[in-house]
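Please keep the viewer open as you read.

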Amino acid sequence: MTSTQSTASTVSFWINGEHAPAAGSRHGTVTNPATGAVIRTVPFADDTDVDAAVESARAAFPAWRATTPLRRARILMRFRDLLERRTDDVAAAITEEHGKTLPDATGSVQRGLEVVEFATGIPHLLKGEHAEDVGTAIDSHTLRQPLGVCAGITPFNFPIMCPMWMIPVALACGNTFVLKPSEKDPSASMLAARLLSEAGLPDGVLNVVHGDKQAVDALLRHPDIAAVSFVGSTPVARHIYETASANGKRVQALGGAKNHAVVLPDADLDAAADALIGAAFGSAGERCMAISAVVAVGSAGDAIVSRLRERATALRVGPGDRDGVEMGPLITQAHLERVRGYVDAGEREGADLVVDGRGLTVAGCETGHFLGPTLFDRVTRDMSIYRDEIFGPVLVVVRAESDGEAIEIVNQNPYGNGTAVFTESGASARRFTNEIQVGMVGVNVPIPVPMAFFSFGGWKSSLFGDLHVHGPDGVRFYTRTKVVTTRWPRQRDAVSLNMPTMT
Ligand code: NAD
């Protein structure tokens with residue numbers, strides 16, 4: 001048992017530097033997806049709980065804002081070390097509640113750590129601009145100042161990485177924070193809150209509440225919340241963006257995806273197939289950057305489908321903590337049924353079902369939420385398996401005649417999170433990266449998740465708002481700029497009511 005598993009069967013809130021119970025009795029359950037067993041209960045916050053968390057963050061803000069960026073960074077440095085030392089515990093909590101394999105969960109902790117590392121550079125990142133003599137003996141400089149209390153609402157599929165996209169940058173910039181992680185796998189963020197406290201974060205600077213729409217809507221309406229960062233599905237992202245904006249808040253709301261990989265005939269097809277299998281079926285397809293559609297151009301079609309079939313049927317599926325397992329279960333029974341429903345629909349709608357994951361049973365885990373890797377060929381754009389984000393281990397192949405048609409297919413799709421092109425041609429890759437209307441693009445890289453010192457975000461229905469998360473956009477999102485114009489006059493000017501001009 002890990003320390004996270006042994007803490008309690010009921011998850012608590014984290015308010016003002018300590019565990020806090022819920023005011024009401026509404027709650028949900030956390031399930032181990034590999035067995036289907038309920039392992040924890042999680043309280044659902046109501047308005048009173050949200051008020052308490054926001055009040056704690058509001059009260060902590062003045063002192064935290066006044067703490068120098070260097071001191072804030074040093075707390076994050078200590079947190080970074082603690083998180084690294086506790087990586088196995090965090091990964092175990094993720095595997096237990098989410099289902100992904102331990103190595104995959106460990107990789108997601110690493111990607112979160114990298115954002116903490118980025119945020120430790122905050123004294124440099126907050127530096128402004130300065131211009132001397134914007135007028136005679138007049139200088140101007142800019143300041144980047146924190147916003148106040150920021151809220152983060154995160155999805156189930158990256159229980160530590162998505163909170164880490166937000167919290168280190170927001171705190172480093174001098175904000176205080178209220179996190180509402182996914183109610184399906186809340187333990188990793190509770191562990192992070194405790195580690196931040198252990199690292200020296202003052203009480204109230206980070207608070208965690210759990211819950212559903214009621215808790216989220218209370219945050220969106222709360223007058224003391226200055227900004228909201230959201231990661232989740234597109235319909236909820238749209239709701240968050242519209243509601244929080246209407247309540248006067250700064251918002252970034254990252255939504256769902258249908259990520260296409262275009263395979264050109266000149267690609268190294270074995271390397272492309274290896275990459276696509278990992279990108280489609282890693283984390284059982286429950287990644288916002290999963291490749292869920294392949295656009296195979298010309299003669300690449302049959303060649304890539306036969307390679308994908310061979311590799312997909314060889315994948316080892318099972319509980320995420322079992323050695324050698326490459327793909328784990330889906331998050332809930334309801335989600336498993338939803339994804340199976342899409343496989344049924346694809347068959348009905350006339351796509352070629354090349355690999356069917358529906359018959360899979362995992363010995364010893366008969367009540368787990370497992371679906372085997374599933375591959376459809378000759379999918380058309382009117383089919384629901386192409387149109388919708390399935391968020392499961394289902395890969396669809398669409399055929400195209402030319403590079404141009406492939407680009408047009410990707411650009412017509414309403415989502416624009418990530419995409420990739422597989423080719424040996426620099427000219428084809430350049431055309432693709434130039435013309436494609438997607439926020440994150442890979443060239444022979446299937447999941448082009450930007451490193452922490454770049455920013456992460458999609459286009460179109462994959463992002464509502466203007467700024468991406470972490471990297472330079474993260475610093476812009478969590479600060480507002482002020483321009484200061486200064487003069488130290490040696491003699492008094494005559495009174496003038498004219499528009500001042502800097503001469
Ligand atoms: P979700 O939208 O159901 O939930 C996300 C968060 O919103 C959770 O904290 C949840 O409690 C809350 N929520 C759910 N319904 C709500 C409602 N009606 N009103 C207010 N809040 C609500 O998403 P999920 O199922 O947890 O995660 C999977 C989705 O997240 C997929 O669509 C995936 O593509 C997306 N995702 C996107 C990114 C990205 O970077 N663009 C990253 C990870 C996941």
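D377 is buried, at 5% relative accessibility, where buried means under 20% relative accessible area, exposed over 50% and partly exposed in between (1.4 Å probe, protein chains only). D377 forms a salt bridge with R399, and their closest N and O atoms are 2.8 Å apart; a salt bridge here is a side-chain nitrogen of Lys or Arg within 4 Å of a carboxyl oxygen of Asp or Glu. R399 belongs to strand β16 (residues 394-400) and D377 to strand β15 (residues 374-377), so this pair ties together parts that are 22 residues apart in sequence. Helices (H or I, at least four residues) and strands (E, at least two) are DSSP runs, numbered from the N terminus. R399, for its part, is partly exposed, with a relative accessible area of 23%.

Before going further, a word on what you are looking at: this is a predicted model, in which local features need pLDDT of at least 70 and side-chain atom pairs count only at pLDDT 80 or more, while totals for chains, interfaces and linings use all residues. Residues are numbered from 1 along each chain as its sequence is written, and side-chain values use heavy atoms, with hydrogens and water left out.

Side chains of opposite charge can pair when their charged atoms come close. Across the whole structure, a search finds 26 salt bridges. Take E55 and R58, whose closest N and O atoms are 2.9 Å apart in their salt bridge. These two sit 3 residues apart in helix α2 (residues 47-66), which means that about one helical turn separates them. E55 is partly exposed at 36% relative accessible area, and R58 is partly exposed at 38%. Elsewhere, R80, D81, E84 and E117 are linked in a network of salt bridges.

D274 and R311 form a salt bridge with their closest N and O atoms 2.6 Å apart. This pair links distant parts of the chain, 37 residues apart, with D274 in helix α11 and R311 in helix α12. D274 is partly exposed at 47% relative accessibility, whereas R311 is buried at 18%.

How do the two helices that carry this pair, α11 and α12, cross? The axes of α11 (residues 269-281) and α12 (residues 300-314) come within 9 Å and cross at roughly 55 degrees. Axes are lines fitted to C-alpha atoms, for helices over the stretch in contact, and angles run from 0 to 180 degrees between N-to-C directions. α11 is therefore oblique to α12; angles under 35 degrees count as roughly parallel, over 145 as roughly antiparallel, 65 to 115 as roughly perpendicular and the rest as oblique. Residues in contact (heavy atoms within 4.5 Å) include L269, A273, D274, L276 and F281 of α11, which meet a set in α12 that includes I304, R307, L308 and R311. By class, this contact has 11 nonpolar, no polar and 4 charged residues. Here Ala, Val, Leu, Ile, Met, Phe, Trp, Tyr, Cys and Pro count as nonpolar, Asp, Glu, Lys and Arg as charged, and the others, Gly among them, as polar.

Now turn to helix α15 (residues 403-412) and helix α16 (residues 426-435), which pack at an angle of about 25 degrees with their axes 11 Å apart. These two helices are therefore roughly parallel to each other. D403, G404, I407 and N411 of α15 make the contact with S428, R431, F432 and E435 of α16. The contact residues divide into 2 nonpolar, 3 polar and 3 charged.

Next, find A284 in the loop between α11 and β13. A284 is buried, at 1% relative accessibility. Leaving aside neighbours within four places in sequence, its contacts include M327, P329, L330 and F391. In sequence A284 and G99 are 185 residues apart, yet their C-alpha atoms are 8.9 Å apart in space.

F391 lies in the loop between α14 (384-387) and β16, and is buried with a relative accessible area of 15%. Most residues other than glycine have a negative phi, and most peptide bonds are trans. The phi of F391, however, is positive, near 60 degrees. D133, in strand β5 (residues 130-135), also has a positive phi, of about 60 degrees, although it is not a glycine.

Finally, look at S292 in strand β13 (residues 291-297). S292 is buried, with a relative accessible area of 16%. Beyond its neighbours within four places in sequence, S292 is in contact with K258, N259, V394, L395 and V396.
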